[in-house]
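Hi everyone, thanks for coming.

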Amino acid sequence: MKEQNQVELKARAVLVSIVTRNDDADEVEKSLDELERLLDTAGGETFARVVQGKSVPDPRTLIGSGKVKEISELCQNNDIRLVIFDVDLSPIQIRNLEDDLSGDGDRIRVIDRSMLILDIFALHAASAEGKLQVELAQLQYTAPRLVGRGAEMSRLGGGIGTRGPGESKLESDRRHLKRRIDALKAELAEVEKNRRTMRASRDRSDIPQIAIVGYTNAGKSTLLNTLTGAGILAEDKLFATLDPTTRKLTLEGGESVLLTDTVGFIRNLPHHLISAFRSTLEEAVYADIILLLLDASDPECQAQMEVCESLLSELGAGEKPKLYVFNKCDRMTDELSGARTAIKAGEGDRIVYISALTGEGCDELCLQIRDIIREGKRRVTFIIPNAEQGALSRLYSEKASVEEVEYGYDSVRVVATVDDRVYGLMKKYDPDYKAPKEDF
Ligand SMILES: Nc1nc2c(ncn2[C@@H]2O[C@H](COP(=O)(O)OP(=O)(O)OP(=O)(O)O)[C@@H](O)[C@H]2O)c(=O)[nH]1
Ligand SMILES: [Mg+2]
């Protein structure tokens, strides 16, 4: 009996996509590869892939009726109950497709790429905020696609694409839906207030904030773990991380930075997900520096970089100082190395190659971070008379990086890197400081 349950858990599915006259067939295949990985992460298995070339999509069922029939037979003959479209479908299209595919046979469920991604988010949401965000996105996107199928759904016992945090009320009718959405929005607003308070206190601390941003599975959590021993879950799954984690990292030379691991990006990230997860995604917006982490061993590295950059711009973080970090270099083959040189981050961009897993290149990464932080700062030698030791404490409390302190007979010699503001406070201790001439 138990074994039977396990077999049922591993839902097998047929994946479907179309190539319209505006699509690149190659891109469609790559997106389907990713859909397979998403399904795998959700605990399912791909049985077959069907791609239809169709210059104009059919408004009723997206694909043509002949293709629907073919997929229906494929499913009915092989005991497949789940069909996943790699394209977003309207609630009506889902309904029509389910009716047509099921015919007189077994009931077949249809979901789309966004529903699958939401499903994974539902599985991985851990914090209260994450759960609220997922439920809101599900109610706004998935629920309208299930409305009216309450009885069917409970008979099927839910499944991939319909799982929600806290057995979410996806089958509720429209009136309940609206009320629940409003309640969730109110709750989220409360939680977001907390996030803002936390952010404000981090801002006040004046420690540079760095967001590790990148495509899902690029190794963001692994990097935070390697640099800070954060101990966050890092695994070969898509969207393993939903909640941002921040840790302090002290660089050589004494400066500290706050590093934040963030939720991953993916192509065609559903818009309702972006809006529900805005406060989480916005970690990047509030960072001073962005580490754009890329999986250099992935043949899709270049495309993934473009997706990340356009999402960053969309979030309003496109213009931040950025460091391109090519990760997983331990996996680079000669062939990939060739491809790597073809990837161009852009003229004059800062680039570093690392392996977050082995730690290779991480020292160089830290040096580059330090360089960016020090931009606009100067390294100065201050001579502070013993009677004015308060100035030294001040230097420490302003988080200037103090590199050398040498106690002399009547003064202290301090070498520190300071920004303009701190220099302004300390300039009288700089023997080279020349006060601007005043005109009388
Ligand atoms: N070979 C190799 N594997 C790595 C490296 N960095 C990360 N990985 C692996 O890549 C997989 C994903 O790593 P994560 O750190 O979870 O990636 P992430 O970017 O946090 O992913 P999400 O949170 O799911 O978006 C894990 O199996 C890691 O062990 C690396 O430098 N080399
Ligand atoms: Mg992660």
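Around ligand 1 there are 24 residues, and the closest are G219, S221, A234, T241 and G264. A residue counts as near a molecule here if its C-beta atom, placed from the backbone, lies within 6 Å of it. Before I go on, please keep in mind that this is a predicted model: local features need pLDDT of at least 70, side-chain atom pairs count only at pLDDT 80 or more, and totals for chains, interfaces and linings use all residues. Residues are numbered from 1 along each chain as its sequence is written, while chains are lettered from A and ligands numbered from 1 in the order in which they are written.

Which helix gives the largest share of the shell around ligand 1? That is α9, residues 220-228, with three residues. Helices (H or I, at least four residues) and strands (E, at least two) are DSSP runs, numbered from the N terminus. By class, the shell has seven nonpolar, ten polar and seven charged residues. Here Ala, Val, Leu, Ile, Met, Phe, Trp, Tyr, Cys and Pro are nonpolar, Asp, Glu, Lys and Arg are charged, and the others, Gly among them, are polar.

Now the chain as a whole. It has 17 helices and 13 strands. Of its 440 residues, 36% count as buried, meaning 20 or more other C-beta atoms lie within 10 Å of the residue's own, with C-beta atoms placed from the backbone; 12 or fewer is exposed, and in between is partly exposed.

On to the sheets. Six strands form an open sheet in the order β6-β7-β5-β8-β9-β10, and the pairing is mixed. Two strands pair if DSSP finds at least two bridges between them. Why is one side of β6 and of β10 left without a neighbour in the sheet? Because β6 (245-250) and β10 (350-353) stand at the edges, each with a single partner strand. From one strand to the next, the twist averages 25 degrees. Helix α13 (residues 301-315) packs on this sheet, touching β5 (209-214) and β8, and its direction makes about 155 degrees with that of β8. For such angles, axes are lines fitted to C-alpha atoms, for helices over the stretch in contact, and the angles run from 0 to 180 degrees between N-to-C directions. Contact means that the C-beta atoms of two residues, placed from the backbone, lie within 7 Å. Within the sheet, β8 (residues 289-295) and β9 (residues 322-327) are parallel partners over six bridges, and D295 has N327 in β9 as its bridge partner.

There is also an open sheet of four strands, ordered β2-β1-β3-β4, with parallel pairing. Four bridges join β3 (residues 82-85) to β4, where L82 stands opposite R109. In a regular strand the side chains alternate between the two faces of the sheet. In β4 (residues 109-112), R109 and I111 point one way, V110 and D112 the other, and all are buried.

Last, the interior. In soluble globular proteins, nonpolar side chains tend to be buried together. The largest nonpolar core has 91 residues, and V83, I84, L116, V213, L294 and V325 have the most contacts inside it. Such a core is a set of buried Ala, Val, Leu, Ile, Met, Phe, Trp, Tyr and Cys residues joined through C-beta atoms within 7 Å. Helix α5 (residues 113-124) gives the largest share, seven residues. Apart from this core lies another, of ten residues, including V380 and Y429.
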